[in-house]
Amino acid sequence: MSHLTQAEISEQVKIIFDDIFNRTEPLKKKEQLKIPPQMMPAQDENIRRHNLDEVAVGYSVEQARVEAMRCIQCAKPSCIADCPVEINIPGFILSIAENDFQNAIDIIKETSLLPSICGRVCPQETQCQISCATGLFNKDVDKAVAIGRLERFVADWEREQGTIVPPEVKPETGKKVAIVGSGPAGLVVAADVRREGHEVTVFEAFHKLGGVMRYGIPEFRLPNSIIDQEVSTLEKMGVKFQKNYVVGRTRKLLDLMKKDNFDSIFIGTGAGLPMFMGIEGENLVGVFSANEYLTRANLMKAYDEEHSDTPFYHSKNVAVLGGGNVAMDSARMAVRLGAENVYVVYRRTEKEMPARVEEVAHAKEEGIQFLFLQNAKSIKGNEKGRVTGMECLRYELGEPDDSGRRRPVVIEGSEFMLELDTVIVAIGNGSNPLVSQTTPELVVNKWGNLIVDEKMKTSVDGVYAGGDIVLGAATVILAMGEGRKAAAAINEFLINSN
Amino acid sequence: MAKILHKEKLSADVYLMRVHAPLIVEERKAGQFIILQTDEEYGERIPLTIADASEEDDSITLIFQVVGKTTTELSRFNVGDDLPVLVGPLGLPTHIKNFGKVVCVGGGIGVAPLHPIAHALKAAGNEVTTIIGARNKELIILEKEMETIADKLIICTDDGSYGRKALVTEPLEELCKDEATKPDMVIAIGPPIMMKFCSLTTKPYNVFTQVSLNTIMVDGTGMCGGCRVNVGDEVKFVCVEGPEFDGHLVDFDNMMARLSSYKGIEEEAAHKCYVDKEFEAKVEETK
Ligand SMILES: Cc1cc2nc3c(=O)[nH]c(=O)nc-3n(C[C@H](O)[C@H](O)[C@H](O)COP(=O)(O)OP(=O)(O)OC[C@H]3O[C@@H](n4cnc5c(N)ncnc54)[C@H](O)[C@@H]3O)c2cc1C
Ligand SMILES: Cc1cc2nc3c(=O)[nH]c(=O)nc-3n(C[C@H](O)[C@H](O)[C@H](O)COP(=O)(O)OP(=O)(O)OC[C@H]3O[C@@H](n4cnc5c(N)ncnc54)[C@H](O)[C@@H]3O)c2cc1C
Ligand code: SF4
Ligand code: SF4
Ligand code: FES
């Protein structure tokens with residue numbers, strides 16, 4: 001990542017922009033492939049360490065149109081096949097190049113419902129951008145067409161225009177659908193089912209909507225105002241939201257059908273069961289699951305110490321265990337909450353880290369220290385039961401395992417101490433068992449994920465499921481894709497069930 | 001939104017509120033709790049036990065002690081006000097069956113959650129002895145309600161201003177010692193330190209002892225892990241696997257440390273809950 005300022009970026013793009021769009025001859029493919037990739041302008045790292053504003057500011061119009069010109073409009077575009085919801089990528093990108101942003105967003109919306117969110121948080125480098133022809137030509141996936149950034153650009157453009165028209169809703173059918181959980185899976189089902197004229201109620205355990213997008217992914221990566229916007233569009237379509245309602249406890253799942261006359265149910269309760277390492281000292285004061293840490297920070301607004309009632313844990317030295325997006329978010333949040341030293345402790349090397357490249361780069365810029373090939377052995381505390389440090393072990397890479405990745409092997413006798421007051425465990429989430437435990441009729445696999453058929457139907461008639469509760473901790477776009485599939489099946493089920 | 005239908009001051013800093021919550025009334029069982037917020041934007045989520053429920057006006061009863069920010073704000077709500085956030089019933093219900101002889105021990109505000117459990121145990125055919133403990137006469141709550149349920153009621157105060165001048169562990173030990181009164185099950189609810197010593201008291205007599213843990217919570221649905229405690233060799237989430245556990249297996253010292261997670265170091269020294277300190281000292285004394 002280079003450190004160009006926003007002003008420098010816009011100066012550079014002006015030159016290229018004028019060069020491309022003031023020609024009489026159209027650009028040749030070869031020339032297109034040589035247009036430099038457009039960098040995402042970002043808040044200065046010394047400023048953003050102290051605020052929660054979005055880090056990536058978004059492309060300017062010039063940048064978007066220049067970046068769009070990098071797409072060579074492949075005859076057989078691999079990008080479409082690599083996007084879980086198969087957005088017509090060359091189509092919307094061409095419209096951006098042609099300065100027709102409305103058409104671009106309309107094309108995206110044919111298949112995707114939450115573009116301003118996916119454009120921000122999709123792991124594009126392993127999805128739509130992984131085998132993009134432009135990237136392949138430049139022999140670097142980071143030089144692929146920035147599909148996600150362009151998607152975000154047009155979605156933001158539409159929001160700023162204030163012209164969002166809620167999708168049309170067909171005449172009321174009198175059928176009722178209950179949706180459990182307001183994460184991306186649930187919201188997408190709500191939209192698709194409501195469009196067909198069915199009455200839709202979304203039940204959410206928390207006092208705010210959006211699932212992990214609200215309480216997990218931080219404001220500096222996905223502003224809450226974007227989720228609010230999506231929710232308000234659904235409200236305009238007539239979707240009802242019932243917050244503070246834990247299905248399985250406030251009502252048993254199947255009682256929604258028996259007592260409240262819902263005709264069909266969608267379960268999108270997500271992967272909300274934090275895993276721990278099972279090492280000594282993990283219950284000391286100062287050891288948090290990433291879920292707790294991020295929920296207090298995001299949902300409960302711990303960063304706003306003046307107003308928020310949620311208790312604030314003042315940390316100086318923080319270690320985050322794990323190497324995924326959740327670990328990056330925790331570490332970067334810790335910096336913003338005032339920690340002086342933040343370490344990410346990961347057992348393998350940078351190459352194997354599942355976190356998105358951009359997040360890792362941002363984290364490094366923000367001063368987070370990465371301890372690769374190291375792992376926690378035990379957490380130490382004082383007489384008051386508070387964390388004082390962590391004993392770590394060093395690893396080296398050994399033989400490849402089943403997945404082909406070289407397995408990290410402990411170096412005997414390599415123990416060393418890290419002085420800490422806070423440890424955040426971000427090694428993953430299992431499936432939330434609450435609904436399945438209180439609904440014995442539902443069949444789950446050995447990890448507690450609901451088992452569904454190819455139409456996302458569970459073992460109970462009329463009950464569908466999708467997203468992380470089926471997939472295990474996955475991604476927003478996969479949750480959305482499953483939601484769309486489930487919604488289609490629910491709509492079909494409702495037509496046939498008179 | 002949940003409307004407050006009734007408010008009453010039970011003792012110096014203990015309030016009773018009845019709140020309109022028809023769905024919770026329909027589903028709740030003894031031993032379960034709710035989570036509430038006094039402000040949707042910035043408020044903390046705090047758990048409170050459902051002390052009672054009435055189908056007549058679809059209300060649940062909450063009894064709470066003012067100990068900090070949120071409970072103070074809650075005490076300022078009045079009849080007719082709406083609680084912005086109320087969710088429940090959460091947690092597993094108490095396992096109710098006919099054990100035979102049971103002893104219910106309630107300390108301070110713990111008498112509130114104990115009440116519906118004692119009620120259910122009595123209804124299941126148990127012989128119920130209730131021990132209520134408090135620092136002084138003013139802090140005793142629900143005496144009359146407990147009297148109507150229990151076959152035998154023992155009241156203890158630390159200063160002797162009412163009932164016996166004793167800690168609850170004294171009558172509990174006497175009951176365990178005597179084969180004729182030895183309980184088949186004990187349930188103790190109160191400050192962690194009291195539950196710890198009740199568990200230590202019954203252990204040598206092998207009397208199964210349940211405790212209801214009041215850990216810090218956020219979501220109450222098993223998502224955050226903030227409520228975790230060590231029970232035997234296992235880590236349990238109080239909000240979904242509790243709140244009741246076998247007192248002989250609970251690591252109370254760790255739980256108490258975790259309860260003070262968010263206290264500043266100085267504040268911790270100053271606060272070091274007066275009741276806890278006194279209790280500990282007295283137990284040592286009587287040993
Ligand atoms: C910190 C973090 C960072 C992430 N970063 C990314 C990223 O950059 N890119 C990406 O693609 N993905 C990311 N993910 C993963 C992504 O957020 C999830 O895959 C996605 O949100 C799953 O959607 P979902 O709809 O299945 O469930 P969730 O978003 O988990 O939503 C489930 C909702 O259901 C509610 N619920 C649960 N049980 C009940 C019940 N019994 N009754 C009522 N409501 C209930 C929950 O409160 C929650 O609101 C991240 C996850 C985390 C935790
Ligand atoms: C399952 C369950 C049931 C409960 N039932 C009742 C009840 O019926 N009546 C009642 O008065 N209280 C009950 N509690 C305790 C109640 O939740 C706390 O008193 C409350 O959260 C304190 O909030 P606060 O903002 O007023 O205090 P804070 O300002 O947050 O803290 C003040 C003091 O209370 C301690 N504290 C903070 N959170 C908790 C907590 N969750 N549990 C215990 N102590 C805490 C702190 O360590 C501090 O010393 C219950 C707790 C649980 C987990
Ligand atoms: S939805 Fe995600 S995967 Fe699909 S095109 Fe957009 S950013 Fe790429
Ligand atoms: S693969 Fe790349 S270059 Fe080809 S159409 Fe898709 S985005 Fe454009
Ligand atoms: S309160 Fe969050 S897991 Fe129990």
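In these legends, Ala, Val, Leu, Ile, Met, Phe, Trp, Tyr, Cys and Pro count as nonpolar, Asp, Glu, Lys and Arg as charged, and the others, Gly among them, as polar. The model is predicted, so to speak of local features takes a pLDDT of at least 70 and of side-chain atom pairs 80 or more, while totals for chains, interfaces and linings use all residues. Residues are numbered from 1 along each chain as written, chains are lettered from A and ligands numbered from 1 in written order, and side-chain values use heavy atoms, without hydrogens or water.

**View 1**

View 2. Look for pairs of N or O atoms within 3.5 Å. A backbone N or O atom of A:Val121 sits 2.5 Å from a ligand 1 nitrogen. The side chain of A:Arg221 places an N or O atom 2.8 Å from an oxygen of ligand 1. At A:Val476, a backbone N or O atom is 3.0 Å from a ligand 1 oxygen. Alone, ligand 1 exposes 1000 Å², and the protein buries 96% of that (Shrake-Rupley method, 1.4 Å probe).

**View 3. The shell around ligand 1.** Of its 34 residues, A:Glu204 and A:Asp468 are among the nearest. The shell divides into 19 nonpolar, 11 polar and four charged residues. In chain A, α16 (325-336) is one of the helices that supply at least two residues, and α16(A) has the largest share, three.

Methods
Near = heavy atom within 4 Å. Polar contact = N/O pair within 3.5 Å; in protein donor to acceptor, adjacent residues only side chain to side chain. Helix = DSSP H or I, 4+ residues; strand = E, 2+ residues; numbered from the N terminus.
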